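Here are my notes on the model, as numbered points. Please read them with the structure open.

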Amino acid sequence: MTIKANDPSLQSWVNIPSNSDFPIQNLPFGIFQTANLSPRIGVAIGEQVADLQVLAKHGFFDDLKIDRRVFAQAYLNDFIALGKAKTSAVRNRLSEILDSNLEEWDSKELAPYFLHPQSQVQMLMPVKVGDYTDFYSSLEHASNVGAMFRDPSNPLLPNWRHLPVAYHGRASSIVVSGTPIHRPKGQTMPQSAQSPVFGPTQLLDFELEMAFILGKSSELGQSIGTEEAEEYIFGMVLFNDWSARDIQSWEYQPLGPFLSKNFASTVSPWVVTLDALEPFRTETPMQEPAVLPYLQFTGKKSFDINLEVVLQTETSLQEKLCRSNFKYMYWNMSQQLAHHTVTGCNVNVGDMMGSGTISGPSSDSFGSMLELTWRGAKPIALTDGSERKFIHDGDTIILKGWGERDGVRIGFGEAIGKILPAK
Ligand code: CA
């Protein structure tokens, strides 16, 4: 599929720093506000945010037959519910407005009115999340966790290679990047204890994930096949599924998807469209044994997206904890959505589906402290002389993601969360 707005030769009249996540070929959507401006839809371009409410007011989208009020909402839901024909047309129009070669739009003159420095806006949750599901789709992650929590010689449950395992998570505690997280409290069973104890988690962890956002609803009773699944996917964000490992191992093994996970998840504020990710399509890893027909698919349904996790303590420099890639996922998004709806379970615009922790084959590509330190057995040495087995109060975890091809970098920005002491 050729998408005009993805053309690597496009240049914007807006200044784009060379390492920017947001060249004219990206144009991700988000929700922002300022001291003077109510929440509205913005699009990241270089170090600026393009204000779609202002552009709509000046008639830039009138011929697309979109109600202007859609751009003045506090969530993207109404916008993405317009459907891909409309949202892709808006992205293409923005590409024209910001293109250095096109004189058709007198957009440069309007720049002071519709461009705001990103440093001067506050990003908000991009979508109102109705339902959130978290998958468990990385073979390396499931094998690592299964080896630690269950049986090193037989880490995977018998179903794992036959279906994308998942659980229904908690939507209310998904927060946008920059929101501080209080260390959760809960019930745990320390190795030395005879009975459970209560208090702040001692084994707080991050999980490096991505999530896709539903852009189209399905009916109750309807199943979405793998070949049509991408019609339902609007775009993707970075996703940190904060986890309390001691609460997890006591409440249920190996997933433990209740209190060990429900206190917070952090998402990046910019939704990168599936359109913008088109150049990064790649093969899904070989699935052996063969999957049942409803999970079979054709073509390149995985995406080559570099991922990185950085730790910033209160005294250290930024420390890179791991480097992974979304393409390592054993199950792709189309399979996940097909499996999710095979029962007839309906999905809604704004629903969020987490990938599960994205670990790669090498020990520096593991997507959690649990795996990187092998449950604390191998602490990570930091430049300030301290070490980490799990996350301390005052630590900040930063997720980054980007694809790179033909000299164009399509980035996700960051998903940042700082851990505060337990309340
Ligand atoms: Ca997870």
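1. Helix α5 (residues 139-149) is mostly covered, with 9 of its 11 residues buried. Buried means under 20% relative accessible area, exposed over 50%, and partly exposed in between (1.4 Å probe, protein chains only). Helices (H or I, at least four residues) and strands (E, at least two) are DSSP runs, numbered from the N terminus.

2. The buried set in α5 is L139, H141, A142, N144, V145, G146, A147, M148 and F149. These residues pack against α6 (245-251) and α8 (369-372); contact means heavy atoms within 4.5 Å.

3. This is a predicted model: local features need pLDDT of at least 70, side-chain atom pairs count only at pLDDT 80 or more, and totals for chains, interfaces and linings use all residues. Residues are numbered from 1 along each chain as its sequence is written, and side-chain values use heavy atoms, with hydrogens and water left out.

4. In helix α4 (residues 107-114), S107, L110, A111 and F114 are buried. They cover an arc of only 145° around the axis, so they sit on the same side of α4. The arc is that of the directions from the helix axis to the C-beta atoms. E109 and P112, on the other side of α4, are exposed. The cover over the buried residues of α4 includes β3 (48-51), α1 (52-57), α3 (84-98) and β4 (115-117).

5. Which residues are the protein donors of the calcium ion? They are D134 (OD), E207 (OE), E209 (OE) and D241 (OD), 2.2 to 2.3 Å from the ion. E209 lies in strand β13 (residues 208-214) and D241 in the loop between β14 (233-240) and β15 (243-244), so this pair ties together parts 32 residues apart in sequence. Both E209 and D241 are buried. Donors are N, O and S atoms within 2.8 Å of the metal (3.2 Å for Na, K and Ca); water is not among the atoms, so sites may look incomplete.
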